[in-house]
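Biologist: Hi! I'm new to this one, could you walk me through it?
Modeller: Happy to, let's open it up.

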Amino acid sequence: MGNLYGSASFMEHNTHPDYKYEMDAPTHTHDGINPSCGDELTLSLRIEDGVIAEAAFTGHGCAISQASADIMAELITDETVAEAKRLSGLFLGMIRGEELSEEDFEDLDEAAQLKDISHMPARVKCAELAWRTLDGML
């Protein structure tokens, strides 16, 4: 667990999230709640011609859910909806302990840092929150 919280970029996403703001004119919004620890998240997307032009979130929760949401928003911005779905599937598989290929890890970029959470069942829902919300929306 040490290396996750010890990761500077991970903590940066929690303390200074670039994508945590109220979007002006989202085309899609979806709420996600993690009842086990009270994390709440509202994901907003602006989708134009099948591409996610903008992604943002608001809400509150633990460091993991917040950082995971910020990393996800960064990853899916400028991607097609189909690619965002694919990345979400990869992430949710990884966090449940499935083996991913080297290429899949590269595609997940910073989100791959969350891999170790698969060994901490209590934290899995925190890390999944934003991604499950995205999945539910797309």
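This is a predicted model: local features need pLDDT of at least 70, side-chain atom pairs count only at pLDDT 80 or more; totals for chains, interfaces and linings use all residues.

Biologist: Which residues gather with E12 in a patch on the surface?
Modeller: D18, E74 and D109 do, and together with E12 they form a patch of negative charge.

Biologist: Where does D109 lie?
Modeller: D109 is in the loop between α5 (102–108) and α6 (121–137). D109 counts as exposed, because its relative accessibility is 52% and the cut-off is over 50%.

Biologist: What about the phi of D109?
Modeller: The phi of D109 is positive, about 55°, although D109 is not a glycine. Most residues other than glycine have a negative phi. D78 also has a positive phi, near 75°. You'll find D78 in the loop between α3 (63–76) and α4 (81–95), where D78 is exposed at 60% relative accessible area.

Biologist: Changing topic, how many helices and strands does the protein chain have?
Modeller: Six helices and three strands, in the order α-α-β-β-β-α-α-α-α along the sequence. The radius of gyration is 14 Å, close to the 14 Å from the globule rule for 138 residues, so the chain is as compact as a globular protein of that length.

Biologist: What share of the residues is buried?
Modeller: Buried residues account for 47% of the 138 in the protein chain.

Conventions:
Residues are numbered from 1 along each chain as its sequence is written. Side-chain values use heavy atoms; hydrogens and water are left out. Patches are made of residues with over 30% relative accessible area and no salt bridge: like charges are joined within 9 Å, nonpolar side chains (Val, Leu, Ile, Met, Phe, Trp, Tyr) within 5 Å. Accessible areas come from the Shrake-Rupley method with a 1.4 Å probe; for residues, only the protein chains shown count as cover. A salt bridge is a side-chain nitrogen of Lys or Arg within 4 Å of a carboxyl oxygen of Asp or Glu. Lys and Arg count as positive and Asp and Glu as negative; His and the chain ends are not counted. The place of a charge is taken as NZ of Lys, CZ of Arg, CG of Asp or CD of Glu. Helices (H or I, at least four residues) and strands (E, at least two) are DSSP runs, numbered from the N terminus. The radius of gyration is taken over C-alpha atoms; the globule rule is 2.2 Å times the number of residues to the power 0.38. Buried means under 20% relative accessible area, exposed over 50%, partly exposed in between (1.4 Å probe, protein chains only).
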